[in-house]
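Subject: A structure to look through

Dear colleague,

I am passing on a structure together with some notes on what was found in it. Please open it first and keep it beside you while you read the rest.

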Amino acid sequence: MEAPPPTRLRAHRALVGVCVGLTTVEALCLVALGPDGALALAPQVTAPEPFGILHDLRWLAVFHRSWLAFSVELVALLVFRTGVVVTLTALAWDRDRPRPPVKVLVACALRFLAVVAAVSFAWVTVMFALAVVSLEWLFFVGVPAFLLIALVTHHGVVRARWWREAPPLRTTAWLAFVFVELSLAGALAAAVPTPLAVLVAAGSGLFNAWAWLSIVHVLNGSPGVLRFRPVAPAAIALLATVTLLGVAIGARQLGRVDQTRPAPAVAAAVMPTTGAASAPAVLVATGFNSEWDGTASRPLAPDLVPARFSYRGLGADGRPLPYAADSTHRSLRALIRTMRAQVDALHDRTGRPVSLVAESEGSIVAAAMLAVHPRAPVGTLVLLSPLVHPGRVYYPPEDKDGWGVVTGWALRGITEVVDGVSSIDLPADAPLLRSIDANAAVLRNLLACASGHRTELVVMPVTAALGAPNPPDIGAPVIVVPAVHGGLLSNPTARAAVVGAIRGRHPARDATWAGVEGALRLVAAPWQVPELPITLNPAWAPRATTGGSGCVRMTRAEQRRLG
């Protein structure tokens with residue numbers, strides 16, 4: 001990569017002023033108005049394209065309330081972004097080269113931005129879905145897509161035929177460098193005190209000016225390729241295919257558990273009988289899209305065989321019923337009732353407080369069940385791969401307007417396509433997703449509420465950091481393990497921690513992996529969508545205690561609605 005001489009940047013003071021000024025203004029607006037955690041996005045407002053338009057689209061995806069509002073905001077966004085691109089391109093243009101007329105730059109920029117916005121919105125929607133469910137697998141789908149789109153399309157700010165030309169290697173390297181810098185600058189802005197975050201944004205604006213100057217210089221100096229080489233269309237088509245596969249694999253991964261091998265004494269293992277002195281009162285709830293054929297759960301330890309929570313419920317004989325994947329798609333209210341019934345049944349049969357071990361979707365059901373029914377006979381609660389800060393954005397039901405309405409329809413389209421290429425049938429309006437999004441006011445900070453009368457433990461995979469931009473406020477002890485979301489009972493460290501918690505032992509905390517998780521969360525924060533404040537959305541019925549960190553207890557009305 002060729003670094004331009006320092007005098008060149010000093011000779012383009014207007015370029016520096018615009019880049020630094022806009023990032024500083026956005027940072028100051030976010031400090032004054034919020035939302036929480038969005039300061040990490042500020043450095044991107046003057047970043048080389050297409051990072052700038054991707055920044056704008058993530059705000060648009062969250063903050064519109066109707067189709068008309070979306071249309072007006074989209075036009076305003078394109079006008080604003082075109083103005084920024086034309087201004088920065090013109091200011092970065094080599095002084096010794098003739099610059100095209102402004103109208104040519106405007107036409108080139110507008111066509112480029114419109115195409116990139118249309119192509120990118122699907123992956124912006126994936127990141128929107130990540131904010132709904134806090135499932136880090138979606139991060140692996142959305143953010144690499146942002147980088148690939150940037151690498152293969154960025155030369156379109158100057159070249160009208162960018163779609164049929166391969167970008168120069170030097171500018172491609174610059175875009176990769178910009179991606180790293182934006183990640184680090186956003187991480188630093190999210191980590192430091194607010195006044196320093198504004199300075200970080202200003203410093204990132206200075207880097208953006210350097211990057212614009214270098215990229216425009218290289219594009220001016222390298223001749224266009226006469227041969228037809230549609231690198232961008234081919235790469236985006238490949239990306240779409242890989243994304244569909246990634247979403248399908250990620251959804252399947254939610255239900256991956258090591259609980260499928262049968263064990264002897266099926267009846268006793270499935271539901272311990274009354275009076276059995278050694279019968280454990282342990283109930284294991286697995287995650288989304290898991291299935292169960294009624295066979296016994298695999299022992300957690302040689303003398304510890306848990307009962308299995310059935311998403312379908314109990315049969316006439318009081319035993320949990322086998323269930324298919326679609327049983328995990330039921331609403332939170334239905335699943336809370338189902339879990340409470342099975343906890344009570346296990347407690348009645350054993351005469352002991354129940355140790356409840358819940359993973360992924362099961363974790364949010366378990367935490368919500370205990371928030372609705374705080375006196376349920378649960379003596380130990382272990383949450384594996386919990387969904388941290390779900391419901392950070394909103395999309396209304398099909399027949400209504402509201403925040404995120406257009407993105408909601410884009411999400412419905414994506415889920416329909418995913419359903420068409422896989423066996424996963426989870427529409428965007430499935431009861432589970434609707435109930436998570438509708439109850440965001442209490443679910444966002446549900447893990448912050450700890451109980452003083454039971455043993456609690458949270459086991460987080462290190463990749464959980466990618467699911468939410470803000471550090472989780474968790475009331476229970478937390479350990480972080482080197483694993484990914486789903487199947488933590490197959491992880492030796494996590495399994496040992498679960499068994500130890502059930503037996504009343506406190507697991508040792510590995511500060512190294514906790515540090516890695518914290519660093520990953522900071523670096524991932526700049527690529528999240530901004531959070532919709534709870535007080536802004538009437539559908540969430542704002543509470544006296546709203547948003548942010550800290551425990552938010554359910555009101556009686558919320559307990560009735562979920563219970």
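Where is the place of Pro50? Pro50 sits in the loop between α2 and α3, where helices (H or I, at least four residues) and strands (E, at least two) are DSSP runs, numbered from the N terminus. A cis peptide bond with an omega of about 10° joins Glu49 and Pro50. The loop between α2 and α3 also holds Pro35, and Gly34 and Pro35 are likewise joined by a cis peptide bond, with omega at about 5°.

Before going further, please note that this is a predicted model, in which local features need pLDDT of at least 70 and side-chain atom pairs count only at pLDDT 80 or more, while totals for chains, interfaces and linings use all residues. Residues are numbered from 1 along each chain as its sequence is written, and side-chain values use heavy atoms, with hydrogens and water left out.

The pLDDT, which is the predictor's confidence in each residue on a scale from 0 to 100, averages 85 for the protein, and 87% of the residues score at least 70. Confidence is highest in helix α3 (residues 51-62), at a mean of 97, and lowest in helix α10 (residues 266-270), at 38. Over residues 254-277 the pLDDT stays under 50, and the model has 62 contacts beyond four places in sequence for them; a contact means heavy atoms within 4.5 Å. The pLDDT is also below 50 over residues 544-548, a stretch with six contacts beyond near neighbours in sequence. Where pLDDT is low, the predicted coordinates should not be read in detail.

Because Arg81 lies in helix α4 (residues 67-92) and Glu49 in the loop between α2 (13-33) and α3, the pair ties together parts that are 32 residues apart in sequence. The count of salt bridges comes to 11, if one takes a salt bridge to be a side-chain nitrogen of Lys or Arg within 4 Å of a carboxyl oxygen of Asp or Glu.

Turning to the strands, six of them form an open sheet with parallel pairing, in the order β2-β1-β3-β4-β5-β6; two strands pair if DSSP finds at least two bridges between them. The edges are β2 (307-308) and β6 (478-481), each with a single partner strand, so one side of each has no neighbour in the sheet. Strand β1 (residues 282-285) runs parallel to strand β3 (residues 354-359) and is joined to β3 by four bridges, and Val282 has Ser355 of β3 as its bridge partner.

Finally, helix α11 (residues 332-350) packs against helix α12 (residues 361-372) at an angle of about 75°, with the axes 9 Å apart. The two helices are therefore roughly perpendicular to each other, a term for angles of 65 to 115 degrees, taken from 0 to 180 degrees between N-to-C directions, with axes fitted to C-alpha atoms over the stretch in contact.

With best wishes

Notes
Parallel < 35°, antiparallel > 145°, perpendicular 65-115°, else oblique.
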